[in-house]
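User: Could you take a close look at one part of this model for me, the side of one chain that touches its partner? I'd enjoy a connected account that also covers what surrounds that part.

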Amino acid sequence: MQRLVFAFIAGGLFGAGLFISGMTDTSKVQGWLDVFGHWDPTLAFVMGGAILPMAVAWAFTRGRKPLVGGDFPAPAEPKLGRNLVLGSVLFGAGWGLAGLCPGPSVASLSYGGWPHWVFFAAMLAGMFAAPKVRARLDTAVPAE
Amino acid sequence: MLEMIPVDWVWGLIGGLLIGTGGAVFLLANGRIMGASGIIGGLVDGSGRNSSAERIVFLIGVFLLPILIKPLYRPFETHATTNIAVLVAAGLLVGIGTRIANGCTSGHGVCGISRLSLRGMVATVFYIMAGGLTVVLFRHILGVI
């Protein structure tokens with residue numbers, strides 16, 4: 001139960017932050033990516049603002065355990081690899097096309113209108129297909 | 001001096017701090033990395049079955065809070081395209097790409113960079129570059145978006 005309460009608080013803060021920051025406005029996200037057009041640096045402020053409390057939180061995990069028990073995530077893996085790069089390129093292309101990524105796509109469902117539902121449904125379909133795509137990719141050209 | 005700072009940047013910073021605080025709560029309380037694509041993807045492909053309740057409740061929070069605070073806020077438009085082909089292609093690319101890369105803007109970007117993860121930084125460089133090139137190609141050259 002405690003886990004669920006904290007998950008709701010975390011999700012609520014995330015959703016509120018995405019809304020207030022303007023990151024569910026696709027024109028602001030595409031504006032950030034549009035370096036040759038009317039460039040909009042807002043996203044950098046959002047990223048910087050989000051990284052600050054997270055960096056403090058990571059520092060705080062050292063030598064401690066999560067509040068509700070269990071363990072903190074393992075240290076970040078240093079391995080890069082093909083999937084990280086290829087996946088990020090595909091993601092970036094979709095992000096640029098619609099100006100939406102997974103977090104804001106959920107936060108904007110209630111007020112973005114039908115285009116946001118179309119994007120969200122297609123994203124779920126992509127996530128459903130991803131394990132098969134990944135398996136085919138690994139057989140065709142073994143990663144790492 | 002202060003009035004020279006665009007109000008959008010200030011809202012961006014405040015919103016960003018809230019996003020990071022959400023990530024900090026998820027990490028320090030539940031021991032989890034707040035990555036939207038991982039939380040959603042684990043539900044969709046079944047890999048996160050053991051923690052599905054936590055994932056669903058998190059997503060309800062993300063969905064619900066904008067509804068609650070929207071009446072307090074200035075009028076808001078999302079300016080999303082109404083081109084269905086673009087929306088579907090973009091959604092598929094975001095869904096497949098984030099799952100193959102194992103993270104998106106929140107997981108690799110916010111949570112990864114803040115722990116100085118090389119993977120997070122490399123992913124962020126590549127998705128921003130790909131996004132930039134896509135906007136240049138589809139907006140300025142092809143005129144589709």
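Analyst: Happy to. Let's start with the chain that carries this side: buried residues make up 53% of the 144 residues in chain A. Keep in mind throughout that this is a predicted model. For the complex, the predictor reports an ipTM of 0.96 together with a pTM of 0.96.

Chain A is built from six helices and has zero strands, so its elements, read from the N terminus, run α-α-α-α-α-α. Along the principal axes, its C-alpha atoms fill a box of roughly 45 × 45 × 30 Å. Of the contacts in chain A with a separation of 6 or more, 47% are between residues 24 or more positions apart.

Now to the part you asked about. The contact between the chains takes 103 residues from chain A and 99 residues from chain B. On the chain A side, at least two residues each come from helix 1 (2-21), helix 2 (26-33), helix 3 (42-61), helix 4 (82-98), helix 5 (102-107) and helix 6 (114-140). By residue type, the side of chain A that touches chain B divides into 69 nonpolar, 28 polar and six charged residues.

In an unreviewed entry, it lists "transmembrane region" for residues 42-60, 80-100 and 112-130 of chain A. Residues 42-60 of chain A are 100% helix and 0% strand, with their end C-alpha atoms 28 Å apart. For residues 80-100 of chain A, the end C-alpha atoms lie 25 Å apart, and the span is 81% helix and 0% strand.

What about the partner? Chain B averages a pLDDT of 95, and 99% of the residues score at least 70. Its UniProt record, also an unreviewed entry, places "transmembrane region" at residues 12-29, 56-73, 79-101 and 122-142 of chain B. Residues 12-29 of chain B are 100% helix and 0% strand, and their end C-alpha atoms are 25 Å apart.

Helix 1 of chain B covers residues 7-30, which makes 24 residues. From its first C-alpha to its last, this helix reaches 34 Å, close to the 34 Å expected at 1.5 Å a residue. Helix 1 of chain B is mostly covered, with 17 of its 24 residues buried. Just after this helix, Gly31(B) takes a positive phi of about 70 degrees.

The record's span at residues 79-101 of chain B is 78% helix and 0% strand, with 27 Å between its end C-alpha atoms. His79(B) sits in the loop between helix 3 (52-69) and helix 4 (84-101) of chain B. Its phi is positive, about 50 degrees, although His79(B) is not a glycine. As background, most residues other than glycine have a negative phi. His79(B) counts as partly exposed because it has 15 C-beta neighbours inside 10 Å, and a residue needs 20 or more to be buried.

Asn102(B) also deserves a look. This residue is in the loop between helix 4 and helix 5 (105-114) of chain B, and its phi is near 65 degrees, again a positive value in a residue other than glycine. Asn102(B) has 21 C-beta neighbours inside 10 Å and therefore counts as buried.

Notes: Residues are numbered from 1 along each chain as its sequence is written. Chains are lettered from A and ligands numbered from 1 in the order in which they are written. This is a predicted model: local features need pLDDT of at least 70, side-chain atom pairs count only at pLDDT 80 or more; totals for chains, interfaces and linings use all residues. Two residues are in contact if their C-beta atoms, placed from the backbone, lie within 7 Å. Helices (H or I, at least four residues) and strands (E, at least two) are DSSP runs, numbered from the N terminus. Ala, Val, Leu, Ile, Met, Phe, Trp, Tyr, Cys and Pro count as nonpolar, Asp, Glu, Lys and Arg as charged, and the others, Gly among them, as polar. A residue is buried if 20 or more other C-beta atoms lie within 10 Å of its own, exposed if 12 or fewer, and partly exposed in between; C-beta atoms are placed from the backbone. UniProt positions are given in the numbering used here, feature names are shortened, and annotations may be inferred rather than shown by experiment. pLDDT is the predictor's confidence in each residue, from 0 to 100. The expected span of a helix is 1.5 Å times one less than its number of residues.
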